[in-house]
Amino acid sequence: MSIYLDYTADTPPDQRVLCEYMIAAGEHFANPNSAHGAGASAKKVIDSSLGKIAKLLKVSPEELILTSGASEANNLAVKGIAWASRRRGRHIVSTFLEHSSVSGALTYLQEQGWEIDLVNILPDGKVDLEHLKSLLREDTVLCAVCAVDSELGTVQPVGEIAKIVGGHPNCRLHIDATQAVGKIPLDLAGVHTASLAPHKFYGLKGSGLLYKAKGTVVEPLIHGGASTTIYRSGTPDTASAAAFAAALEIAAGEFDERLERVNELNQRLRQHFADIDRILINSPADAVPHILNVSVSGIKGEQMRRLLDERGVCVSVKSACSVANTPSRPVMAMTHDRKRALSSWRISLSHLTTDEELEQFAAILDEIISSN
Ligand code: PLP
């Protein structure tokens with residue numbers, strides 16, 4: 001039996017979420033865009049799901065665009081804002097901490113002539129706000145920052161960033177909130193777009209969402225019929241919308257108890273690691289407790305991942321979508337230490353992680369370190 005410590009890459013779907021999915025998929029299979037009664041009843045499920053999501057995010061349902069995941073939502077925001085504002089400017093500011101669905105979209109735009117600047121990361125993992133201020137210009141049309149990054153779990157000061165960006169009327173703020181939901185309270189005040197994906201909070205894969213504040217103009221990625229929104233053509237997935245709403249409601253309802261349990265597990269691991277000289281903890285002390293990024297000197301991250309996997313422990317080196325055997329960009333940006341960035345790997349915890357799993361993992365890790 002394996003010890004799964006990769007909840008940042010994916011979480012197991014909650015039974016209640018699966019139940020909602022099954023009911024909606026079975027009973028409301030009709031196309032929500034169809035004009036007949038069956039279509040209308042499917043549309044009702046979408047509307048009520050978006051209503052529940054909007055209430056929890058404290059936004060309006062018209063500001064929500066259902067997507068196939070956070071990667072699509074990030075691409076829609078980054079490319080969509082860039083294309084829609086290309087006459088106002090072609091300068092974008094982002095960070096070294098972004099998921100590949102943001103950094104990859106930025107590289108694509110750079111190849112098309114956009115200028116990209118990356119803001120420095122302070123030793124505590126936070127965006128250097130003074131540097132951010134100095135990078136923003138009249139022709140900056142987008143600032144893209146992850147609320148919580150997937151490698152280190154650093155929590156960025158989104159409110160302060162929103163205030164700074166708010167002083168630049170041509171600039172829109174995109175927040176990748178994929179790793180934030182269920183881990184920190186999310187405040188979208190001053191944010192123009194934000195991406196979410198329920199498979200990170202015990203919902204289902206293949207489903208995501210872009211929050212787009214009223215008045216923010218984005219160019220769609222997928223053109224076609226108007227569907228439930230002009231920003232995303234295609235038949236909306238009624239069952240995924242219902243499952244999304246259920247996962248978000250459960251994550252909000254059980255937020256405190258889940259967080260308390262994960263905090264306890266994180267503290268236990270940090271205490272254990274404090275006695276091992278070769279372990280350096282990369283995640284800042286105030287990172288979300290769900291993510292614990294470490295480096296073991298003398299063992300590359302990929303080698304450690306393999307050694308753990310051979311013993312039944314699932315962890316990740318960088319995020320699941322990044323290029324293998326290259327130094328971690330976030331660890332490098334924060335520590336400026338290439339060896340440490342090459343040795344880094346990520347443990348990610350859940351309220352579902354048991355005491356026994358944690359103890360077994362610690363024993364396996366001790367054995368690997370002493371024999372390598
Ligand atoms: N953004 C962040 C911070 C992530 O961690 C992930 C997934 O790992 C994504 C975006 C992409 O999400 P999805 O797999 O739903 O496209």
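How are helix 1 and helix 7 oriented to each other? Helix 1 and helix 7 are roughly antiparallel, a term for angles over 145 degrees. The model is predicted, local features need pLDDT of at least 70, side-chain atom pairs count only at pLDDT 80 or more, and totals for chains, interfaces and linings use all residues. Residues are numbered from 1 along each chain as its sequence is written, and side-chain values use heavy atoms, leaving out hydrogens and water.

The axes of helix 1 (residues 15–27) and helix 7 (residues 238–253) cross at roughly 155 degrees and come within 8 Å. The crossing is right-handed. On the helix 1 side, the residues in contact (heavy atoms within 4.5 Å) include Arg 16, Glu 20 and Tyr 21; those of helix 7 include Thr 238, Ser 240 and Ile 250. By class, the residues of this contact are 10 nonpolar, 2 polar and 2 charged.

Elsewhere, Thr 178 sits in the loop between strand 6 (172–176) and strand 7 (193–196). Its relative accessibility is 7%, so Thr 178 counts as buried, the limit being under 20% relative accessible area with a 1.4 Å probe and protein chains only. The side chains of Thr 178 and Asp 176 form a polar contact at 2.4 Å, that is, a pair of N or O atoms within 3.5 Å. Beyond four places in sequence, Thr 178 contacts Ala 70, Ser 195, Leu 196, Ala 197 and Lys 200.

Leu 265, in helix 8 (residues 255–274), is also buried, at 0% relative accessible area. Leaving out residues up to four places away in sequence, Leu 265 touches Leu 349, Ser 350, Thr 353, Asp 355 and Leu 358.

Notes:
Axes are lines fitted to C-alpha atoms, for helices over the stretch in contact, and angles run from 0 to 180 degrees between N-to-C directions. Helices (H or I, at least four residues) and strands (E, at least two) are DSSP runs, numbered from the N terminus. Angles under 35 degrees count as roughly parallel, over 145 as roughly antiparallel, 65 to 115 as roughly perpendicular and the rest as oblique. A crossing is left-handed if the near helix is turned anticlockwise from the far one by less than a right angle, and right-handed if clockwise. Ala, Val, Leu, Ile, Met, Phe, Trp, Tyr, Cys and Pro count as nonpolar, Asp, Glu, Lys and Arg as charged, and the others, Gly among them, as polar. Buried means under 20% relative accessible area, exposed over 50%, partly exposed in between (1.4 Å probe, protein chains only). A polar contact is a pair of N or O atoms within 3.5 Å; within protein, one must be able to donate a hydrogen and the other to accept it, and residues adjacent in sequence count only if both atoms are side-chain atoms.
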